[in-house]
Amino acid sequence: MMMMRRCLTALLLSASTFLCSFTAHAEPTVSIVFMGDVMLAEHPGLRIRQGHNPFAPFAQILDSADVRVANLECVIARGGKAEDKPYTFRAHPRVLKLLKRHVDAVSVANNHSGDFGRAAFAEMLGRLDQAKLPFFGGGRDLSQAHTPLLIERKGLRIALLGYDEFFPRSFEAGNQHPGVAWSEDEQVVLDIRRARAVHHADIVIPFMHWGEEHQPRANDRQRELARLMIDAGADAVVGTHPHVVQDIELYQGKPIVYSLGNFIFDGFDDADNNTAWVLQLNVARTGVRDAHIQVGRIDKHGTPHPTGQRMPIDLKAAAPPQ
Ligand SMILES: [Zn+2]
């Protein structure tokens, strides 16, 4: 009897081990962190020149993820001439070393990557290629700008698409010239569908540059486009640009984090402009399994520091959080 019980226990144990390993094999989970606006010119650029690392306080959180994604809110180049606009940001190529150390992919779809003209933008793409730091949301022509970046981890294929919809539109790529991807609705829907059908992505995430600056809530345009993207097959929608964090919405059970706020950025006095969200999405083949935000506070040098506050996003919530 004793023998039989032992055998049964052993059998059950091995069965559960088998089930566990089977489940783990069937459902690999990949963690992706998203940072908001990373601006490496101005004061952060000066600090890097002096030997500081603005990513350092968040390094442990960032480096624990499988994939680290940031919005690169400047051009990295030596050449070019400042466009006629209120703020223009050009970072020295020396920043690439730190960027490469802490970030796995950058979106160039924003209203500053074209600040020093098309030649400087193209120079940046060349430097990113040389540094083996993949980019998305922009390219050497319109077609590359709308091609997703595919990142494969643990057998999962993750497609990242980036779009700018904040002026100037002259930064947009054309058939014959480099630039950013602009978010025309029909094109965005097509890109998301192609990410699955042509590029065989398991997970598709658009990283948006949109919304109104300094507004704590997303506007109607952001909400309509986010829902359209999820209806087209996006697993989550993440955004930046307003310089503040915005509300979070669930649509069809999928998270929309409208704005992560600034990440590395100086020159703001208000507390809300100096709040940084780092979003972590844990994704499996079936979509986003869980999500949470690590809150940061940006100091006067433009460097974000974790506050220790961790905000889970309830993916089963019936109503969107207000
Ligand atoms: Zn912006």
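Student: What should I keep in mind about the model and its numbering?
Tutor: The model is predicted, so local features need pLDDT of at least 70, side-chain atom pairs count only at pLDDT 80 or more, and totals for chains, interfaces and linings use all residues. Residues are numbered from 1 along each chain as its sequence is written.

Student: Why is Phe34 called buried?
Tutor: Phe34 has 27 other C-beta atoms within 10 Å. A residue is buried if 20 or more other C-beta atoms, placed from the backbone, lie within 10 Å of its own, exposed if 12 or fewer, and partly exposed in between. Phe34 is therefore buried.

Student: What makes S1 and S2 a pair?
Tutor: Two strands pair if DSSP finds at least two bridges between them, and S1 and S2 have five, in the parallel sense. Phe34, in strand S1 (residues 30-38), stands opposite Val69 in S2. S2 also pairs with strand S5 (residues 105-107), in the parallel sense over three bridges, where Ala70 has Val106 as its bridge partner.

Student: How do you know that strand S2 is mostly covered?
Tutor: In S2 (residues 67-72), six of its six residues are buried. Val67, Val69 and Asn71 point one way, and Arg68, Ala70 and Leu72 the other way.

Student: Why is H7 called roughly parallel to H8?
Tutor: The axes of H7 (residues 185-197) and H8 (residues 220-232) come within 9 Å and cross at roughly 30°. That makes H7 roughly parallel to H8, because angles under 35 degrees count as roughly parallel, over 145 as roughly antiparallel, 65 to 115 as roughly perpendicular and the rest as oblique.

Methods
Axes are lines fitted to C-alpha atoms, for helices over the stretch in contact, and angles run from 0 to 180 degrees between N-to-C directions. Helices (H or I, at least four residues) and strands (E, at least two) are DSSP runs, numbered from the N terminus.
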